[in-house]
Amino acid sequence: MMEAIMRLIVVVGVLAVPLTLSGLLIVVERRLLALWQDRYGPNRVGPFGLFQLPADMIKIFLKEDWIPPFADKAVFIIAPAIIMMSVLMSFAMLPLAPGIMVVDLNVGLLFVMAMSSMGVYSVALAGWASNNKYSLLGGLRASAQMLSYEVFMGLSLMGVVLMAGSFNLREIVEAQRHTWFCIPQILGLFVFSIAGIAETHRVPFDMPEAESELVAGFHSEYSGMKFGMFFVGEYISVALVSALIVTLYFGGWQGPWLPPVVWFALKTSVFIVGFVLMRAALPRLRWDQLMAFGWKVLLPLALLNLILTGAFVLATR
Amino acid sequence: MFSLFRSMWMVFLHSFRRRITVEYPTVMPRIAPRWRGRIILSRDPDGKERCVACYLCSVACPVGCIALQATEDETGRRYPEFFRINFSRCIFCGMCEEACPTYAIQLTPDFEMCECNRQNLVYEKEHLLISGTGKYPDYSFYNVAGLAIGGKAKGEAENEAPPVDVRGLNL
């Protein structure tokens, strides 16, 4: 009975924490961007502007949720749900601390990869269903982007899998007891981080949205809470990719003195802040540049990493 | 690649810079004394209206927001019967101040003049007239002008000699 309640708490927690965190992340990002542009950002509502989040939520819930008459209604409604669903499903795989994870799946990493690839459908379908040329261009770009990063994203992770000898995320974290994989897998980390940024559609790879070229890209036609789902989905996937980088390359929950959950949260927030810093500093690439970069540089790098790791594992085992 | 990390680092260094935002409603920004804000009508050092109702400000105004009507008191001193500035039209260009020959109309550093009702932005003379002299504390137009008005005959102004009787023979 106790165990069932514990599991229930973990499940609800894993569902609720990313959702609230990503809402908070919107405020944090605005504050951080402001800091790096020598401004203050939202600091009026509550202490440090923290109540900006409930204020924004109330606003977006009260907004009119409008479906354009020319849109493909069913697909238009399903699209924002897909991104939330797929990203939240991935969170179920993440080991937050020893014993605190929703599902201890043996193919956990594969499942996360599959779910994150599902997220692209959301963007592509939203662009298609909106029946608007800018949205369609956004969706097209998202598909082109997906074609370029998904391949080397998977390949870059194979090094970690080889080193840990498992697809299970908990075992991958436990395999990093002595050395974090960021040292032997530095190439893989590099490739995976770039793929992760592309995965979240964030600056410098935010071509599907590209608000200065495509109005708002794939979600031009969305309003109200459907837009909110895309918005929050993007922030949750930022948190997801940061958490994945921590889990796979920076020893997950492991660290001295502090409790494991705190370590996990600390490491993850460092990478989230890194994402925001990137948005503050870097310009947007063209999508053909990303494709060329992906196929001509990062794919060979990921393959090289895989070969080197394989040779290393073979030689030492 | 290196330049990307360099620019990220340089942006990060901005965390330690001073923020340039002035949190206006709680902190007043520094406003220059020559700021072109709310328009006022000033008075002489001896407390009389400086405006001589010459209409030059009204003519100079590019948006035509100044309306006035000239009149004279019994001593021959001109003054505006009414003086009206529609601040919902005013663009605070300062042309009226430049045009004014008597330093009567002046722009001040005050800019906080929002109204909920547009009609309240139309300022009449009683709203425009201040009790002081504004930017030119010692200037009084009639003291440097040759015109005779009540209390000051011809030749009594500053740097002015008494009038010469050109028809007199004993020059």
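1. **Conventions.** Residues are numbered from 1 along each chain as its sequence is written, while chains are lettered from A and ligands numbered from 1 in the order in which they are written. Please keep in mind that this is a predicted model, where local features need pLDDT of at least 70, side-chain atom pairs count only at pLDDT 80 or more, and totals for chains, interfaces and linings use all residues.

2. **Make-up of chain A.** Chain A has 10 helices and zero strands; helices (H or I, at least four residues) and strands (E, at least two) are DSSP runs, numbered from the N terminus.

3. **Overall dimensions.** The C-alpha trace of chain A spans about 60 × 50 × 45 Å along its principal axes. A compact globule of 317 residues would have a radius of gyration near 20 Å, so the 20 Å of chain A agrees (taken over C-alpha atoms; the rule is 2.2 Å times the number of residues to the power 0.38).

4. **Burial and contacts.** Of the 317 residues in chain A, 44% are buried, meaning that 20 or more other C-beta atoms lie within 10 Å of a residue's own, with C-beta atoms placed from the backbone. Among contacts in chain A between residues at least 6 apart in sequence, 78% join residues at least 24 apart (contact: C-beta atoms, placed from the backbone, within 7 Å).

5. **A helix crossing.** The axes of helix 1 of chain A and helix 8 (residues 224–249) of chain A come within 9 Å and cross at roughly 105°; axes are lines fitted to C-alpha atoms, for helices over the stretch in contact, with angles from 0 to 180 degrees between N-to-C directions. These two helices of chain A are therefore roughly perpendicular (65 to 115 degrees). Leu21(A) and Ile26(A) are among the residues from helix 1 of chain A, meeting residues of helix 8 of chain A that include Tyr235(A) and Ile236(A).

6. **Between the chains.** Chain A gives 10 residues to the contact and chain B gives 11 residues. Helix 9 of chain A supplies the largest share of chain A's side, four residues.

7. **A hairpin in chain B.** Strand 2 (residues 66–72) of chain B and strand 3 (residues 78–86) of chain B run antiparallel, joined by seven bridges. Gln69(B) has Phe82(B) in strand 3 of chain B as its bridge partner. Five residues lie between the two strands of this hairpin, and Gly76(B) in the turn has a positive phi of about 95°.

Methods
Contact = placed C-beta atoms within 7 Å. Parallel < 35°, antiparallel > 145°, perpendicular 65-115°, else oblique. Buried ≥ 20, exposed ≤ 12 C-beta atoms within 10 Å, placed from the backbone. Pairing = 2+ DSSP bridges.
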